[in-house]
Amino acid sequence: MVGSADCLKRQKCAMIGRYTRSDDIKGLTQVFTTLVPFLLLWWAAIRCAGVAWWLAVFPMLLLILFLVRAFGLMHECGHGSLFRSRRLNRMVGFLLGVVSGMPQYVWSQHHNYHHAHNGNWDRYRGPYATLSVDEYAALTRAQQRMYRHKCSVVAAPLAGFIYLIFTPRFTWLKGSIDFTIHTLRRKLAQPGVSLWAHAESYRARYWKSAREYRHMLWNNLALLSLWALMCWVCGAGLFFSIYLLSLSVAGGAGIVLFTVQHNFEHSYASDNASWDHDTGAIQGTSYLVLPRWLNWFTVNIGYHHIHHLSANIPNYCLVECHDEYQHLFSRVTRVKLCEVLGALKCILWDTRAQRIISVAEYQQQRI
């Protein structure tokens, strides 16, 4: 069979070798065409709000789309694929992390774990921590209802707020306080031991290395400084009204986008024992069919099956790669824009059939 896993494995190396060629000029052009309109839209939103609040809605809608694009480019930097230069990926990734509200290096470490285990639902279950059918059955009716609401599109902006605004700040602040208390207590108990030695003895729940903490620290300091500057320029009420709403909706859109690329009807969802990486990429990842303009704002992440075959393929090569090797992707599930809401209902892992199912299908199985 042309689209079989064996054929894919044979041709994958050639495909990756052909398209994993980053271009610094293309990368910089993408960043420029994102950040310049982003700044202009902020200026327009502030000016429009000064005339009438409802006028600010129009630039804010575009601002949300450019925030989604900024996060997508940050994601590329985390994979080291946007630029050929490592230094450019680090520098621009940090900048886009400030724009997106997310410490880029820390986020990329967690995201790389997802790539390493895509389709292995024993190891990774997505941003909504998808429940197995047995776990869902063990919940009370109220808990089941809460779980369904949590995974709905209506709750997505709240999830975006928690994901991009609250959690990165809270995690850094709480971790820093715990770290400081730990170090001072140890110093008081053992004054003869150096402060540095006490600091190194701290085992964090919030970061895995000193490097991760440094990235969290500088991201938050840069972001808080930017918040203070914007409050001084246009007032705290106006700034946070625009900022919180636009970033929360953009974050919610990003979570929905990510979810439907892995949670859809009968998506491959293996346990650890029988998991296969390439099968996960082809049968556990969707091809999200979007209009061309929306592909631009989402930096072609709809071609997610190719992205999971190799995260080193830059976003500006995904379309060409898909077109040339489309004979390999006959088993990839196409999800149209009008089918996104339906895919969001697939929120249960059927551990026996090794696939993702909807609550409705689960209820039919119980009859």
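Reader: Is Asp-134 buried, exposed or partly exposed?

Author: This is a predicted model, in which local features need pLDDT of at least 70 and side-chain atom pairs count only at pLDDT 80 or more, while totals for chains, interfaces and linings use all residues. Residues are numbered from 1 along each chain as its sequence is written, and side-chain values use heavy atoms, with hydrogens and water left out. Buried means under 20% relative accessible area, exposed over 50%, and partly exposed in between (1.4 Å probe, protein chains only). Asp-134 has a relative accessible area of 42%, so Asp-134 is partly exposed.

Reader: Which residue meets the side chain of Asp-134 in a salt bridge?

Author: A salt bridge is a side-chain nitrogen of Lys or Arg within 4 Å of a carboxyl oxygen of Asp or Glu. The bridge of Asp-134 has an N to O distance of 3.1 Å, and the pair links helix α6 with the loop between β4 (348-350) and β5, 218 residues apart. Helices (H or I, at least four residues) and strands (E, at least two) are DSSP runs, numbered from the N terminus. The partner, exposed at 61% relative accessibility, is Arg-352.

Reader: How many residues apart in sequence are Arg-18 and Glu-324?

Author: The structure holds six salt bridges, among them one between the side chains of Arg-18 and Glu-324, at 2.9 Å from N to O. Arg-18 lies in helix α1 and Glu-324 in helix α15 (residues 315-324), so the pair ties together parts whose separation in sequence is 306 residues.

Reader: How many aromatic pairs does a search of the whole structure find?

Author: Rings of Phe, Tyr and Trp (its six-membered ring) pair if their centres lie within 6.5 Å; planes under 30 degrees apart count as stacked, over 60 as edge-to-face and the rest as tilted. Ring pairs link Trp-42, Trp-227, Phe-239, Phe-240 and Tyr-243 into a cluster. Over the whole structure, the number of aromatic pairs is 21.

Reader: Why is the pair of Trp-207 and Tyr-213 called tilted?

Author: Both residues, Trp-207 and Tyr-213, are buried. Their ring centres are 4.5 Å apart, and the pair counts as tilted because the planes stand at 45 degrees.

Reader: Is Ser-358 buried or exposed?

Author: Ser-358 is found in the loop between β5 (355-357) and α17 (359-366). Leaving out residues up to four places away in sequence, Ser-358 touches Lys-345, Cys-346, Ile-347 and Leu-348, where contact means heavy atoms within 4.5 Å. Its relative accessible area is 17%, so Ser-358 is buried.
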